[in-house]
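These are my notes on the structure shown below. Please read them with the model open.

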Amino acid sequence: MQQRMVNGQRRLRIEHVNASASNPVAAQVKDKAFLYPEPDSRVASKAYVIKGDTVSVQDASGGWCQVSYQGKSKAIVRWMQCELLQAP
């Protein structure tokens, strides 16, 4: 994962994330994003994250990031589109 500046904003360029559940990479959500049970899924779960939420990226594949988000009662691990993430 690399950072670069675009239009004055820090953006993440996620190609090969060297992250795992034991070595997550922090990222911030740019806009409301629904979470999916699998990458490239056509059906979103009811769960979503909103602009400003911080997630831990555990893996990335084909433009999708597996993220962990600490919800009110438990941690949620799902997939979301990587383009909706930026450096914290």
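1. The largest pocket has a volume of about 150 Å³. A pocket here is, on a 1 Å grid over the protein atoms alone, an open set of points where a 1.4 Å probe fits, with protein on both sides within 12 Å along at least five of seven lines; lining residues have an atom within 4 Å of a point. Grid points are joined across faces, edges and corners, and the volume is the space filled by probe spheres set on the points.

2. The model is predicted: local features need pLDDT of at least 70, side-chain atom pairs count only at pLDDT 80 or more, and totals for chains, interfaces and linings use all residues. Residues are numbered from 1 along each chain as its sequence is written, and side-chain values use heavy atoms, with hydrogens and water left out.

3. The residues that line the largest pocket are Leu35, Ala47, Tyr48, Val49, Ile50, Asp53, Tyr69, Gly71, Lys72 and Ile76. By class, seven of the lining residues are nonpolar, one is polar and two are charged. In this scheme Ala, Val, Leu, Ile, Met, Phe, Trp, Tyr, Cys and Pro count as nonpolar, Asp, Glu, Lys and Arg as charged, and the others, Gly among them, as polar.

4. The protein chain has zero helices and nine strands. Helices (H or I, at least four residues) and strands (E, at least two) are DSSP runs, numbered from the N terminus. Of the 88 residues of the protein chain, 30% are buried; buried means under 20% relative accessible area, exposed over 50% and partly exposed in between, with a 1.4 Å probe and protein chains only.

5. Five strands form an open sheet in the order S8-S7-S6-S3-S9, with antiparallel pairing. Two strands pair if DSSP finds at least two bridges between them. S8 and strand S9 (85-86) are the edge strands, and each pairs on one side only.

6. Within the sheet, S3 and S6 are joined in the antiparallel sense by four bridges, and Ala26 has Ser56 in S6 as its bridge partner. S6 and S7 run antiparallel and share five bridges. In S7, Val67 is the partner of Val57 and Gln66 that of Asp59. The hairpin of S6 and S7 has two residues between the strands, and Gly62 there takes a positive phi near 55°.

7. S7 and strand S8 (residues 75-81) also run antiparallel, with seven bridges between them. The hairpin from S7 to S8 passes through four residues. Tyr69 has Ile76 in S8 as its bridge partner, and both residues are in the lining of the largest pocket.

8. Which residues of the largest nonpolar core touch the most other members? They are Val49, Val55, Val57, Cys65, Val67, Met80 and Leu85, out of 13 residues in this core. Strand S3 (25-29), strand S6 (54-61) and strand S7 (64-70) each supply at least two residues, and S6 gives the most, with three. A nonpolar core is a set of buried Ala, Val, Leu, Ile, Met, Phe, Trp, Tyr and Cys residues joined through side-chain atoms within 4.5 Å.

9. Leu85 belongs to strand S9. With a relative accessibility of 2%, Leu85 counts as buried. The C-alpha atoms of Leu85 and Ala27 are 6.0 Å apart, although 58 residues separate the two along the chain.

10. There are two aromatic pairs in the structure. The ring centres of Tyr36 and Trp64 are 5.0 Å apart and the planes lie at 85°, so this pair is edge-to-face. Rings of Phe, Tyr and Trp (its six-membered ring) pair if their centres lie within 6.5 Å; planes under 30 degrees apart count as stacked, over 60 as edge-to-face and the rest as tilted. Tyr36 lies in the loop between strand S4 (33-34) and strand S5 (48-49) and Trp64 in strand S7, so the pair ties together parts that are 28 residues apart in sequence. Tyr36 is buried at 16% relative accessible area, and Trp64 is buried at 10% relative accessibility.
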